[in-house]
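Reader: I would like to learn how to read the packing of helices in a model such as this one. Could we go through the features in turn?

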Amino acid sequence: MIKILKWVMVSGVLLFILGHYIISYSGLPETIGVKGIYLGAFCMAIGLAMSLPTKMYLTFLFVTRENRLLKGSKKH
């Protein structure tokens, strides 16, 4: 489950970067007009939605780390 979550997060960040590139640097909006802006905005929106599980993943990492540290301190 965690590996899938990592892949979704990385894909989301890459889609967001792709959308930013399309709008800012590629010149696509100038060549195809509003459809180029829609394409870049769509990539950015989907990428942002896909990168939302980052907070859940980080919370999971912190909780498991804290549990390991607490179990380690009880043993000593």
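Author: We can begin with the cut-off for direction, since angles over 145 degrees count as roughly antiparallel. This is a predicted model, and in this model helix H1 (residues 2-24) and helix H3 (residues 34-50) pack at an angle of about 155°, with their axes 7 Å apart. H1 and H3 are therefore roughly antiparallel to each other.

Reader: Which residues of H1 and H3 make the contact?

Author: From H1 the contact takes Val8, Met9, Ser11, Gly12, Val13, Leu15, Phe16, Leu18, Gly19, His20, Ile22 and Ile23, and from H3 it takes Gly36, Ile37, Leu39, Gly40, Ala41, Cys43, Met44, Ile46, Gly47, Leu48 and Met50.

Reader: What is the handedness of the crossing of H1 and H3?

Author: The crossing of these two helices, H1 and H3, is left-handed.

Reader: How far apart are the C-alpha atoms of leucine 15 and isoleucine 46?

Author: These C-alpha atoms are separated by 7.1 Å, although the two residues are 31 residues apart along the chain. Isoleucine 46 lies in helix H3, and at 33% relative accessibility it counts as partly exposed. For leucine 15 and glycine 36, by contrast, the sequence separation is 21 residues and the C-alpha to C-alpha distance is 15 Å.

Reader: What does the fold as a whole consist of, and in what order do its elements run?

Author: The protein has four helices and zero strands, and from the N terminus on its elements run α-α-α-α. Its radius of gyration is 19 Å, well over the 11 Å that the globule rule gives for 76 residues, so the protein is more spread out than a compact globule. Along the principal axes, the C-alpha atoms fill a box of roughly 65 × 20 × 15 Å.

Reader: What share of the residues counts as buried, and what share of the contacts with a separation of 6 or more joins residues 24 or more positions apart?

Author: Of the 76 residues, 17% count as buried, while residues 24 or more positions apart account for 66% of the contacts with a separation of 6 or more.

Notes. Residues numbered from 1 in each chain as written. Predicted model: local features only at pLDDT ≥ 70, side-chain atom pairs only at ≥ 80, totals over all residues. Heavy atoms only, no water. Axes fitted to C-alpha atoms, helices over the stretch in contact; angles between N-to-C directions. Parallel < 35°, antiparallel > 145°, perpendicular 65-115°, else oblique. Left-handed = near helix turned anticlockwise from the far one by under 90°. Contact = heavy atoms within 4.5 Å. Buried < 20%, exposed > 50% of the residue type's maximum accessible area, 1.4 Å probe, protein only. Rg over C-alpha atoms; globule rule 2.2 N^0.38 Å.
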